[in-house]
Structures are given as C-alpha cells and as structure tokens.
Amino acid sequence: MVEIKFPDRYVLRQFPEICELIEENRDEIIAAGLVRLDLSATNFVDPFGMVTLIGVCRHMFNAYHVSSTIILPDGDAGAYMERAGFKTLGDPFITVIRKKSLIEYFKRNHNMGVLRFFNSEKEIQSINEEVEGWMETNLFSEEEIHSITTFISEMVQNVCQHSRTPQQGVFCIQTYKTKKGESILSWAIGDAGIGIRQSLVESGVEKMERFGDERAIREVVMNGISRFQDDITRGNGLSRLYKGAQKRSAILYIHSNSGLFGLYSDENKPRKLEMGVPLVMGTNIGFHLKT
Amino acid sequence: MDRFEINLANQFEEQLWGREQGKQIRESIIDSLLKTRQRVLLLNFAGVTRIDFSCASEIVSILILRLSGELKGRHLVLTGLSNFVEENIDAALDKAELCCLVLEDDNSWKMIGRYSDTLFQTLSKVIELGTVDTPTLATALNIAVTSCNNRLKTLFTLGMVYREEQTAPTGGKQFIYSSILYI
C-alpha cells in the first residue's frame, strides 16, 4: 500500500503539495488499488483541507477505482474531523481510522460545523441557517452574514447545476474568535465533477478548448463567463465571490481539475494566485476571512 | 391603471435562495399579473431578509426582460427593499445591464441597476411633468426629439413609463408618456 504523509498543517496553501505527492506516487497507487492518507502528524486542518481530503479520495476512486484509508490526526485536529463527520463518511471507498481515543479532545472543539453533504438547491436554506448560526455566535456583522450566505448559495447552485458530480457536494465551515478578538471565518465547498473548464467546453464556450484549467477559472472570475452565453443574467457567482474576497482582503482558493486561481496574503499584502497543479478531478473552493 | 401588489415575504418566503425558487416565484407572479387588468406590478420585498444573485435575476431581471414580450404594456416597481436585498438585486440587474424603479417608504423614488445619467434625467423629467409628449419633453430636456424618443423607448421597454397612443394636433399619431408612480 502507498502512504501519503500529510504535513503538520493541512490548510489552503498545502493543497498543491498534496496534489504533487499524489501525482508522484500515482502509478504505485493505481497498482496497489489502495492509498493511505496519513494525517497522524497533522495538528490543524481547515475546511478546505477537510473538503479536499474527501475530494482527493473521490478522485482516486472515480479516476482509478482506488480506495482510500484516512488516518485521522491524533490530537485536536482529529477530534475536529471526527466531530465534523469523518467518523460516518458515506463514501464506501473511504475508510477512516483513528489511532487514539479522541474523547477528551472532543469536548474542547466547538468551532466547526459538521460536514454538510448536498445534492439539491433545496438544501441551501438549511446550510445557510447553520452558517448564520456560526457567524452570529462569533459576532460577525449582519452585512457579513448577508454577503457570505449569498456567496455560499451561489456556490451550492454551481455544484448542483453544473458540476455533474458523481458524489454529493460537500460543505464545511469553521469560525471562531481569537484571543486578540479577531473573528475568523473559513468555509469550503467541493465536488468531484467535471470541472469548470470542461463544463464550459461542453456548453460550447469558444476559446475554452485552448485554455488550461487555471485560465478557464480566471475567465469565469474576471469576466463573468458562463455556460449560458445567451443568458445575460448568468455569471454572477464566482465573479462576485472574487470581488467579495478582494474587498475583504480574504484568502480565496478556487481549485478545478488541474488549475488553481484566487487570492492569498503574503506579508499581509493581497496577491493573485494562478497556477497549475497535478490533476485532482472536481472543483474545490476555499474562503478564509479575518476581521 | 392602479397597482397590483405582491408581497414576496407573505406569499412566498422571507429567504429567497437559488434559481429554482426564483423561477417558481416569477412564474407565479406572471400568472397572477396576467389575470389582472392592473398594469403596474408593485413587487414588495418588505420582510424579505435574504435573496441571492440568482434568485434576484430570476425574479427581477427576467421579469423586466419579459416586459418587452409577453408582458408588454405592463410595468414594474420595487418597494420595501432592505439595504442587503437591494444590494443583491442591484448586482443582478447590473450583470444583465438592466435597471428598475424603486419606490421608497417616504414615497420618493430611485433607480437601481445599470443606467446612464441621461436615462435618469429623462425619467426624472417624466415623473416631474406627470404626462408629456415627446416634443415637449425634448424641449424640457433641451435635446433633439430623436434622442428623446430613443430614451423614452428604452424606458418603456424597461417598464418604467406608461405609453398611450393619441391623435396629435397635426392629425397624425403620437405617444403620450406618463409616470407610473403616484398613480
């Protein structure tokens, strides 16, 4: 069996590293038919980490019929993940193992909502009720709650309407107040579908054929390109999410198949992110805000 | 030409999410509107706490686009918008390069969405004058009749002014334009 060791923190910026490790070991993983994703030395996982961890497992299964075993972190991070829903994941090709009893850690973790799986727009209301609850508890303003729930609604719709994901979409949120009094909000949403570029190619959007995934994401984000070229009301979701992230100096990662596009912070200065990554089928979006 | 009012929170939901829900609401609104003789639809958002871009597009933007089709001769005014709801409707209209008339609680009005200064000036003058023909309005705005005609046509297509054909003093036909507010 091939083992992929995860770093001590698995958050937004570690995702390319994990994609590289999967790619480096791909042939061996396919030959073995099983991969072990070892997070035992990981001490922090954010919602993007949770969502992409499931995304990686789904990619391995959908593309290569490879099953995955996830070794949960030993400490608080493992408690987080277990409480979030890793104990009862519905995907039959994922096995979750914990090495230590996490009960004592479990009691200390109240910052993260559970993983929410969805396959219909009708679930937006209940997802956003949970988001509102977490944000109110951590003293986010009504304006922020309104904006964030709008963004999440649009992203859920993208998954339901366009992704053609073989497994349900997944959403995760984490929010808390730091000792300095800063409110932290981090959420992520993912699917194992065909990806943004392929969705545009299949709907006949010219020029997408010659673009890579990261460029396709850029076109959608910067120019509001949509699958529905004759519908002028379309194309607001990702472009508004990007503007919203810019306005708030938030970190935004939009991963789709082999492309990554978004915004990150470098020495407290906002920077644009556009890069290729080894293929992990599907689309994953992470948003991290500090107020 | 009195108003037909629909209160979205009362008739539908306080939280309006997604295209599916937006489509259902729009079709219900159109069905109701087509059954009435009233020409001005007052869409009241009082009590609506959330609406996303997609739902706003389906309800407001596509309704406006239908005003030049199956709903020709009907008009749309929005009211009861909270700041948050207005922000997302404004974004939806902006994406579609459309605009709409909003009636505020104190009976003042404004436009939201994407519009030019000249369109705003023209609508303001129509509302100020109440009822007006094109040459009179062109004189009031100090612009050519052709320009004025184009602006009025745009406002009519967007459902923001009422238009009636009358016999001109010269014997030909002319349109008389009226404000759809304060009716």
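Colleague: Why is A:Asp91 called buried?

Modeller: Buried means under 20% relative accessible area, exposed means over 50%, and partly exposed is in between, with a 1.4 Å probe and protein chains only. A:Asp91 has a relative accessible area of 9%, so it counts as buried. Bear in mind that this is a predicted model: local features need pLDDT of at least 70 and side-chain atom pairs count only at pLDDT 80 or more, while totals for chains, interfaces and linings use all residues. Side-chain values use heavy atoms, without hydrogens and water, residues are numbered from 1 along each chain as its sequence is written, and chains are lettered from A and ligands numbered from 1 in the order in which they are written.

Colleague: What makes A:Asp91 and A:Arg58 a salt bridge?

Modeller: The term asks for a side-chain nitrogen of Lys or Arg within 4 Å of a carboxyl oxygen of Asp or Glu. Here the closest N and O atoms are 3.1 Å apart, and a salt bridge is what they form. A:Asp91 lies in the loop between helix H4 (76-84) and strand S6 (94-97) of chain A, and A:Arg58 in helix H3 (residues 47-64) of chain A, so the pair ties together parts 33 residues apart in sequence. Helices (H or I, at least four residues) and strands (E, at least two) are DSSP runs, numbered from the N terminus. A:Arg58 has a relative accessible area of 2%, so A:Arg58 is buried.

Colleague: Which salt bridges link chain B and chain A, and how many are there?

Modeller: The count between the two chains is four. Among them, B:Arg50 and A:Glu132 meet at 3.1 Å, N to O. B:Arg50 sits in strand S4 (residues 50-51) of chain B and A:Glu132 in helix H6 of chain A, so this pair joins two chains. Both of these residues are buried. Another is B:Asp94 with A:Arg240, whose closest N and O atoms are 3.9 Å apart.

Colleague: How much area do chain B and chain A bury between them?

Modeller: About 2200 Å², 48% of it on carbon and sulfur atoms. Buried area is the accessible area (1.4 Å probe) that two parts lose on being put together, summed over both. The contact (heavy atoms within 4.5 Å) takes 25 residues from chain B and 24 from chain A.

Colleague: Why is B:Ile143 called partly exposed?

Modeller: Its relative accessibility is 22%, so B:Ile143 counts as partly exposed. B:Ile143 lies in the loop between helix H6 (134-141) and helix H7 (145-157) of chain B.

Colleague: And B:Glu70, why is that partly exposed?

Modeller: At 46% relative accessible area, B:Glu70 is partly exposed. B:Glu70 forms a salt bridge with B:Arg66, with the closest N and O atoms 3.0 Å apart. Both belong to a network of salt bridges that also includes B:Arg19 and B:Glu58.

Colleague: How do you know which strands of the sheet stand at the edges?

Modeller: The open sheet has five strands in the order S7-S8-S9-S11-S10 (chain A), with antiparallel pairing. Strand S7 (116-118) and strand S10 (251-266) of chain A each have a single partner strand, so one side of each is left without a neighbour in the sheet. Two strands pair if DSSP finds at least two bridges between them. S7(A) and strand S8 (residues 169-177) of chain A have three bridges.
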